[in-house]
Amino acid sequence: MSNMSYPSKEETKFMNVQGGEKKVMKKILSVALSTAMAFSMFASVAFGETATTPQAKFDALAAKGVLNGYPDGQAHLEKDLTRAEFAKIVTKLFNLTEVTNKLSYKDKGYTASNWAVPYIEAVTAANLMQGKDTVKGIFDYNGKVTVEEVAAVLFRALKLETPTTTDNTASAWAKGYAQAVINKGLVAQSTNFKGNATRSLVVETAYAVSQLSAFPAIASAEALSPTSVVVTFSDKTTTTVTLTTALVEGVATPVTFTNNGHSYTTTVTLTAPKVVSVTVPNAKQLVVTFNRAIDDSTLASSGKLKAGVIKVIPLGNQAAVTTDGAEVSLNAAGTEATITLPNLEFLKGQYTVVVSDSLKTTAGTAFTAYSALVTVADTVAPTVVTVNSAAKATTNKVYVKFSEPVKPAGIIASVNGVSATVTRETYDTFSLTAGTLNAGTTYDVSLLNVTDFAGNLANPNPIKTSVTVTSDTAAPAITSVTPVGDTAITVKFSKKVSYESLIGNVRLLSAYGDAQGTMVVDADADSDTIKFKVPAGFKLPDSGTFNGSLVFGATVRDTLGNTLGTPVTQSITFVKDATAPTVASAVFSSDKGLVVTFSEAVAWVGGTPTLIKDSTGKVLDTANYSGQTVDGAKLTFPNVKGLDGSYTLRLPAGLVTDLALAKNKVAATTVTVTAAATTTTDSERPVVTSITYLEPTGDAPEIIFTITATDNVGLSVASLRDVNSYTLGSRALPSGSYTQVISSIGTETSPTKAVVEVRVPKTAISKTEVVEFIAFGVTDTAGSASIANSIKPELKDRVKPTLDSAAVSTGDSSLLQLTFSEAIEFGTLNASDFTIIVNNSTTAATISGGFIAGVGNDAGKFYVRLAGYPDLNANNVNSISVKVNADATIQDKAGNSVVGDKTVYAK
């Protein structure tokens with residue numbers, strides 16, 4: 001709790017008293033400093049060269065008008081500082097506006113002609129300093145200022161954080177202030193804080209404050225993951241802080257770090273799993289950043305984006321782009337997914353990106369659904385990031401990595417003037433195949449017509465660079481061996497290896513050295529990561545756990561020909577896989593047929609699915625399920641044709657099994673399939689003709705957006721009812737939102753006009769503000785999307801405040817601190833709203849003196865005293881419960897009544 005006054009007349013440390021005696025009210029000192037004042041200091045004092053002596057620091061401050069010498073021309077740094085002198089220093093240091101034509105105090109000689117009055121009135125108006133005797137109205141401008149009083153003013157002016165522990169000589173009320181300025185490096189820990197402040201000490205301190213201008217303040221800090229915090233400064237720069245101790249969700253944790261040689265401390269609370277941002281680094285890629293490591297199995301399968309998890313919806317006339325099946329890669333921390341659009345597709349214009357809530361963290365917790373508007377206008381040409389080549393002795397390969405994906409067609413390359421063949425390795429990495437290149441030799445490289453997918457041509461054109469072929473004679477190393485279920489492993493090497501050198505060259509042994517057979521290489525290309533299957537006939541022991549080892553032959557080699565040299569042994573453990581596969585999704589397309597995706601790779605067993613058309617309830621007995629194929633986790637029925645609309649797909653038990661040794665069978669499953677018409681002549685896009693907004697009345701639980709849409713042929717009802725077709729405030733609709741069609745013209749399954757209500761829980765609106773609602777995902781039965789339409793109503797705060805906690809004040813144990821979930825209208829607080837029980841008494845305690853509203857760091861909190869309990873930490877106070885009565889009249893700023901009949905415990 002923040003102390004807000006000096007100790008000489010201290011009765012309380014708060015302001016805004018309701019009830020109680022007038023004398024107490026007069027003693028309240030207001031010290032809240034506006035944010036504008038707190039930051040304006042950085043514009044007022046700045047020094048080019050760093051002063052090292054007290055006199056040099058005095059001269060620097062005096063040059064800026066912060067300090068003055070005495071009439072004899074001397075600084076007299078040994079003298080004690082008066083309160084008037086300190087008021088001037090504070091005014092100048094923090095760029096406060098001098099106040100004239102006002103006399104707030106009754107000191108003798110406190111007149112308009114007194115030199116100190118404009119400064120005293122300035123610090124008073126800023127609530128940085130107040131009188132020594134507020135009852136009599138005395139400022140005591142000729143009195144001495146103590147070091148702890150200096151610390152209190154600096155604490156408030158700089159908006160420092162209260163430390164959790166203290167070790168200094170200050171009085172009890174000022175220990176937190178003193179420790180804060182010590183931690184900030186403004187005052188030495190050994191200082192006698194109870195003593196008078198000398199001019200020398202204040203010069204040193206004021207100069208240290210002025211030097212803070214070299215370092216921007218922290219504007220915000222957000223946890224990207226339990227061990228990674230991104231900090232944004234007032235100058236818009238950012239830094240990422242890596243923590244050695246993981247944050248705990250929901251717990252405010254102090255984080256101390258150094259940036260550009262300056263030490264900072266801030267407090268961070270790890271929020272629930274969410275998407276932090278969606279960015280578009282170039283026209284070909286999206287980058288989705290999460291605040292937790294993501295379970296990649298919920299995002300991708302075999303490096304391809306799973307269907308429906310991330311949608312990119314165009315908001316203009318530009319062509320739609322494909323995300324399902326797009327290449328996806330995760331950073332090492334698992335918190336950033338880079339999605340590369342397939343083939344020649346790229347982004348240009350405005351899109352809504354929707355991330356579904358099907359994604360989960362590595363701990364299995366779901367991410368909140370997210371949506372954002374992005375505008376793509378890629379005008380940056382690609383550049384070469386790296387050019388490298390390696391050989392044991394000779395090679396014919398040069399590898400070029402670009403700053404972004406580039407078009408594979410049209411690149412003309414040469415190495416030392418000789419034409420080279422260009423082959424795409426990945427979207428941003430290409431290999432150049434040239435003549436013989438010798439290790440240790442440098443060669444010229446030329447690249448002509450390098451163009452990114454937005455059409456930006458590299459400049460200069462051609463790109464001229466060079467490459468030195470490095471000599472690589474090191475043997476490949478095995479960095480990890482990871483079981484995949486109980487039938488396979490993946491082996492990670494330190495470099496690309498020849499998969500052919502692994503065939504028949506990796507043996508599986510039991511813990512006793514008994515041969516179990518040769519591992520089967522499940523790869524058809526050289527890579528640094530190779531998958532193997534267990535030998536034919538391999539069985540797990542009855543315990544379900546196999547402990548053994550893998551022996552890699554000495555002739556296993558990398559792509560340059562370097563071999564292991566000697567056999568390498570790696571331990572391995574297989575554990576019985578008893579988990580059956582589940583259905584992840586089922587989709588239909590006219591070119592592929594019906595595709596069912598499972599949670600893991602499967603094998604076909606046999607059986608007949610059933611399709612039921614939702615609009616009629618009849619079984620589609622013409623469906624042809626023959627010719628099915630299995631590719632990893634995908635089961636495809638290519639001969640299922642002509643689906644249109646929504647269907648229910650029933651899969652019989654045992655249709656497929658997983659690849660585990662136990663051959664776990666899929667259970668009977670029902671899943672929805674939505675299909676567009678296979679053929680169409682519809683070339684017109686649907687239109688969202690209007691959107692209206694309806695405020696809830698009475699006890700109505702939702703706010704309602706009404707959307708009217710039309711199409712010349714027929715609207716997709718599924719798109720109208722999909723909550724992901726709409727955003728609110730550039731985000732996915734709040735949890736609990738739903739849609740319903742209230743009228744339509746034409747057929748019910750594909751109306752030419754439809755009116756849809758989107759209902760959003762009013763409790764999801766936590767503050768009053770203008771928010772844009774956008775309908776962007778409405779499509780017709782041909783799959784054409786409408787041009788987005790929107791409305792910007794003012795949404796009212798509909799969330800009832802609640803009493804979150806009660807606690808004995810850490811700064812004054814005679815006070816009970818009450819904390820609500822949001823800002824409370826002070827005038828609605830009444831003692832009759834609460835029932836406070838001490839020590840399980842049958843008689844409620846009485847609130848004495850009304851309510852006290854905290855300010856500064858305590859803003860939003862309220863304090864009460866209980867009659868008969870001067871010390872709530874006394875040994876005879878064992879328990880305190882605070883109940884908000886059912887008929888309480890407390891309201892928040894928007895007029896929402898408090899949640900009644902709720903009890904919290906202070907101790």
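Buried means under 20% relative accessible area. The close-up views below come from a predicted model.

**View 1. Phe532 and Phe552 form an edge-to-face aromatic pair.** The ring centres of Phe532 and Phe552 are 6.4 Å apart, with 80° between the planes. Phe532 belongs to strand β28 (residues 527–533) and Phe552 to strand β29 (residues 545–552), so this pair ties together parts that are 20 residues apart in sequence. Phe552 counts as buried because its relative accessibility is 0%. Phe532 also has a relative accessibility of 0%, and therefore counts as buried.

**View 2. Phe233 and Phe257 form a tilted aromatic pair.** A pair of aromatic rings is described by the distance of the centres and the angle of the planes. For Phe233 and Phe257 these values are 6.4 Å centre to centre and 55° between the planes. Phe233 sits in strand β3 (residues 228–233) and Phe257 in strand β5 (residues 252–259). The two residues are 24 residues apart, and their pair links distant parts of the chain. Phe233 has 1% relative accessibility, so Phe233 counts as buried. Phe257, with a relative accessible area of 7%, is buried. In the model as a whole, the count of aromatic pairs comes to 25.

**View 3. Tyr105, Tyr110, Phe139 and Tyr141 form a cluster of rings.** Ring pairs link these four residues, Tyr105, Tyr110, Phe139 and Tyr141. One of them, Phe139, also has a charged neighbour: Arg83 lies over the face of the Phe139 ring, at 4.4 Å from the ring centre.

**View 4. Arg424 lies over the face of Tyr427.** This view shows another arginine placed over a ring. The distance from Arg424 to the ring centre of Tyr427 is 4.0 Å.

**View 5. Helix α4 packs against helix α5.** Two packed helices are described by the angle between their axes and the distance between the axes. Helix α4 covers residues 83–93, and helix α5 covers residues 117–125. Their angle is about 65°, and their axes are 8 Å apart. The crossing of α4 past α5 is left-handed. On the α4 side, the residues in contact are Ala84, Ala87, Lys88, Val90, Thr91 and Lys92. On the α5 side, they are Tyr119, Ile120, Ala122 and Val123. Sorted by class, this contact has 7 nonpolar, 1 polar and 2 charged residues.

Technical notes:
Residues numbered from 1 in each chain as written. Predicted model: local features only at pLDDT ≥ 70, side-chain atom pairs only at ≥ 80, totals over all residues. Heavy atoms only, no water. Axes fitted to C-alpha atoms, helices over the stretch in contact; angles between N-to-C directions. Helix = DSSP H or I, 4+ residues; strand = E, 2+ residues; numbered from the N terminus. Left-handed = near helix turned anticlockwise from the far one by under 90°. Contact = heavy atoms within 4.5 Å. Nonpolar A, V, L, I, M, F, W, Y, C, P; charged D, E, K, R; others polar. Phe/Tyr/Trp six-rings, centres within 6.5 Å; stacked < 30°, edge-to-face > 60°. Buried < 20%, exposed > 50% of the residue type's maximum accessible area, 1.4 Å probe, protein only. Lys NZ or Arg CZ within 6 Å of the ring centre and 35° of its normal.
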